[in-house]
Structures are given as C-alpha cells and as structure tokens.
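Trainee: Could we go through the aromatic contacts in this model together? I would like to start with the ring pairs.

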Amino acid sequence: MAKAKAMREPTFWILTALVKQARHGYGIIQEVAALSEGQVELQAGTLYAALDRLHAEGLVAVDHDEKVDGRDRRYYCLTEGGVAALQAETARLERNVRTASTQLATRPATA
Amino acid sequence: MSRGYRLLVRAYPPGRRRGELLDTFAEAGRVRPTAREAVNLLRHGLRARLGRPASRGVVVLATLIALVTGFVGAAVAARIAWEFAPAYPSGARLEAIKESVFPGLRPVSERNGDGLFFDVGERSYGEVFLYGHDEDFAFSTVWIGPDGNFIKGDYPAWTAAAQQRLVAEGWQVSDAEVTGATWIATGEIDDSGRAFTATRGGLSLSVQTETDVVDTPAGSFYASAELNRLTPGWITAAGVLGLLVFALLGWLITGWASRRTQDARGTVRSLTREPAVLALVLLFPQALLGLIGMVREPLAGGPPIAPFWSLSLTYGFGCGFLGFLLFAVSLITAAVAGRPARVEVSA
C-alpha cells in the first residue's frame with residue numbers, strides 16, 4: 001500500500017472550510033480562522049496558490065462566479081476527490097493521535 | 001482599494017485572479033499592504049506566472065533559466081558600463097607614471113589593445129558573433145619598461161626605491177614579494193626577483209624585477225610594469241542591476257512559455273521542455289562559473305585580468321551558441337503551437 005503523504009496545514013484547513021458549502025477567497029480565510037480557533041491565519045497569496053494547486057490536483061473545483069460592486073468573486077467547492085483526500089488525511093491524523101495517546105497513557109507517573 | 005494592492009497583484013499573470021485578490025482585500029477592509037502581504041503576493045504571484053500549479057519541476061526549470069538569463073544581463077550591462085569607464089592615462093599623465101617607476105631610464109610603453117579588450121586574433125564584431133574570441137581574450141593593459149629592458153644594479157634595492165617613489169606620488173603600495181623558481185625538494189622560492197602592486201585613482205600598477213630572464217647581463221636585472229584598470233563600483237552595480245532585470249525577464253518568459261503549453265498535447269510540451277533542458281545543460285555551468293567570477297571580482301580586490309563573462313566568449317562559446325538556439329526552439333514552439341492558458345469557467 002502506498003504510504004499516505006501528510007497534507008500541509010493550509011491545505012487541510014482549506015479543504016475543511018469547503019466541506020459544508022462553496023466559499024470564495026475571503027470566505028475561506030474567515031472560515032479557516034474560525035475552525036482553527038484563530039491558529040491559522042491564511043495570507044491571500046498563500047490561499048490562492050493552494051487553491052490553484054488543489055484545482056490542478058482535482059481536489060477543488062470552481063462552483064460559480066459573481067460580480068460584487070464591480071469586483072470579481074469566485075466560489076470554490078470540494079470535489080469527490082477532495083472529500084476522499086480529506087477523509088484519508090483525517091484517518092491518518094486520527095491514527096497518529098491514537099498512537100500518541102496510547103503511548104502517553106503508558107508513561108510512568110513522575111513524582 | 002489602494003494603489004499598492006493594485007500594483008502588487010500585477011505580479012500575477014493577467015486574468016481574473018488579480019480581481020479575486022482585490023476583492024479579497026476589499027472585503028477584509030484592507031487599505032494598505034503590509035510588508036508581509038507584499039512579500040507573500042510577490043512570491044506567489046511570480047509562482048503563478050509559471051502556470052502548472054502542481055509542478056515543482058517548472059519552478060526548478062524557471063530558476064535555472066533565470067540564473068542563465070541573469071548572467072547574460074549582468075555581462076551585457078557590465079560590458080556596456082565599461083565603455084564609460086575612465087580611459088587609460090595618456091600623454092603627460094602616462095609620462096609622469098613612467099618616470100615615477102623608471103626615472104632617467106627613458107621608459108617606453110605599449111598598449112596591447114586599442115579598445116577595452118585584447119584579442120590576439122583581432123576579430124571583428126561579426127567574427128566574434130560567429131566564432132567567439134581567442135582563448136587569450138582579456139582586458140587590454142599598458143606595458144611599461146625601461147629602454148633596453150634591463151637595469152644595472154641590485155634588484156631588491158631598486159624595488160625598495162621604486163616603492164618609496166610611488167608612495168611619494170600618492171600610490172597605495174603593497175609589500176614586495178620574493179619571486180623566482182620553486183625548489184621542488186624544499187618548496188622554497190629561489191630568490192631571483194621582486195614584485196609589488198600599487199594602486200591610485202582607479203589604476204593598478206604591477207611592477208616586477210627578474211634576474212632569470214634570458215640574456216640578462218651580469219650585474220643587471222630585467223624590469224617591467226603593467227598598468228591595469230580597477231573595476232569601478234558603479235560598473236559592478238550596473239552588472240547587479242542587469243542580473244536582476246534579466247533574471248526577472250527569464251522567469252517571465254519561462255512562465256509565458258509554460259502557461260502557453262500547459263494544456264497542449266504531449267509533442268508540443270516535449271518540443272518546448274526538452275530543448276530548454278538541453279540548453280540548460282550547455283549554458284548553466286558556464287553561467288554559474290561566470291556568476292561566481294562576478295562575485296569574486298570585487299572581493300579579490302585587484303584589477304580583473306579578463307571579464308567575468310570571458311569563458312562564454314572563448315571556450316564556452318560553441319556551447320552557449322547552441323544553448324541559445326535550443327532556447328529559441330522552445331520559444332518558437334510555444335509561440336506557434338501553444339495556446340493561452342485555459343480560463344476556468346464556472347459550472
């Protein structure tokens with residue numbers, strides 16, 4: 001079986017932010033900040049570079065375009081491939097957490 | 001929306017991504033870009049220029065091409081800047097230098113090239129374009145020597161006196177080094193001469209005395225001096241500027257070719273990529289050596305013997321010529337057979 005490759009943190013949070021609904025750039029930034037409880041603050045350049053890569057890998061797709069006050073706004077959604085990738089990453093993280101928790105439980109108590 | 005953001009999003013290729021970014025900043029209520037935002041936008045914008053967002057290979061290729069084009073830009077800019085460098089002294093100024101080194105010895109001088117450079121083949125611009133320069137290609141120098149080439153007397157004493165004369169004339173003079181053949185058994189130098197360097201007003205004067213020159217009369221020594229020009233700081237600065245501008249151009253042109261061919265069929269992609277990779281095999285080593293030479297030149301301190309791009313116009317000329325032809329094949333393929341990057345439309 002091929003070894004599961006760890007997902008980069010911004011990628012993980014961007015995919016997670018798109019699980020419930022399609023979102024545009026600023027919507028993703030806000031959702032990532034909320035879901036990560038402020039731990040991850042995406043820069044716009046980083047976000048769109050990740051979206052381009054995820055789009056090329058088939059994990060996200062363009063949902064629809066809007067024009068707001070004359071400005072271009074594009075909404076992105078998760079593809080089936082994106083859902084599968086996020087599930088695989090979640091399972092990998094769960095396994096890691098389980099293993100670490102088991103190890104910590106066996107640690108002798110210190111005085 | 002501030003002009004700062006509008007300028008920064010131009011790092012991205014033309015397209016709706018610029019509008020999306022401006023929308024994101026407008027919605028976030030951002031007015032002026034921070035330094036962190038500026039760096040982030042420049043970094044990712046230049047990456048976006050390359051297209052193929054999932055590929056790391058294109059970044060490596062663009063970086064190597066940018067180094068090659070940067071080297072070309074540095075060489076072109078420095079070459080042009082050298083045209084404005086102060087000329088070698090002539091007339092009374094040259095006579096004064098000659099008399100300072102060889103007083104009362106009716107010194108003579110000879111310049112080994114009319115222009116900036118010395119090429120034993122004396123090739124025209126057309127010949128240089130076709131064949132490059134001869135292997136001895138270097139900056140031209142002015143040779144100075146006493147009439148008859150030999151001076152009677154003791155060379156260490158004469159060297160010390162010459163140093164004192166030049167110091168008195170305002171030259172910065174180095175210590176004299178012992179020169180001569182090296183004994184293989186002991187590694188010691190067989191003291192048969194002295195050499196020192198003096199600098200003043202952008203000029204470097206290398207003075208040498210020798211006793212082991214053929215036909216040196218008994219009780220005499222051979223003496224000569226060579227006048228070179230030091231590289232002015234503004235020529236180095238012009239080279240750095242040329243490097244940055246041409247490196248950016250190389251990156252942008254690579255991005256243009258990459259985006260035009262990213263959705264093309266395999267043959268077109270191969271005809272763009274493979275000649276470019278082969279061109280890099282031919283060009284990158286000499287570009288790297290040239291750039292190392294460019295960095296070392298101001299650090300070494302002395303006058304440059306040959307320009308930092310000399311390898312590319314002598315031994316590396318054939319490889320370079322073929323390399324740029326291969327780059328041309330890549331670009332022509334991208335221009336003729338490529339198409340502008342596909343614009344994603346919403347479902």
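Mentor: What follows concerns ring pairs and charges over rings. This is a predicted model, in which local features need pLDDT of at least 70, side-chain atom pairs count only at pLDDT 80 or more, and totals for chains, interfaces and linings use all residues. Residues are numbered from 1 along each chain as written, chains are lettered from A and ligands numbered from 1 in written order, and side-chain values use heavy atoms, without hydrogens and water.

Trainee: How many aromatic pairs are there over all chains?

Mentor: The search finds 15. Rings of Phe, Tyr and Trp (its six-membered ring) pair if their centres lie within 6.5 Å; planes under 30 degrees apart are stacked, over 60 edge-to-face, and the rest tilted. Trp82(B) and Phe139(B) are tilted because their planes lie at 50°, with centres 4.7 Å apart.

Trainee: Where in the chain are Trp82(B) and Phe139(B)?

Mentor: They are 57 residues apart: Trp82(B) is in helix H4 (residues 57-82) and Phe139(B) in strand S3 (residues 138-139) of chain B. Helices (H or I, at least four residues) and strands (E, at least two) are DSSP runs numbered from the N terminus.

Trainee: Is Trp82(B) buried or exposed?

Mentor: Trp82(B) is buried, at 4% relative accessible area, and Phe139(B) is buried at 8%. Buried means under 20%, exposed over 50%, and partly exposed in between (1.4 Å probe, protein chains only).

Trainee: Changing topic, which ring does the charged end of Arg229(B) sit over?

Mentor: That of Tyr88(B), 4.5 Å from its centre. The criterion is NZ of Lys or CZ of Arg within 6 Å of the ring centre and within 35 degrees of the ring normal.
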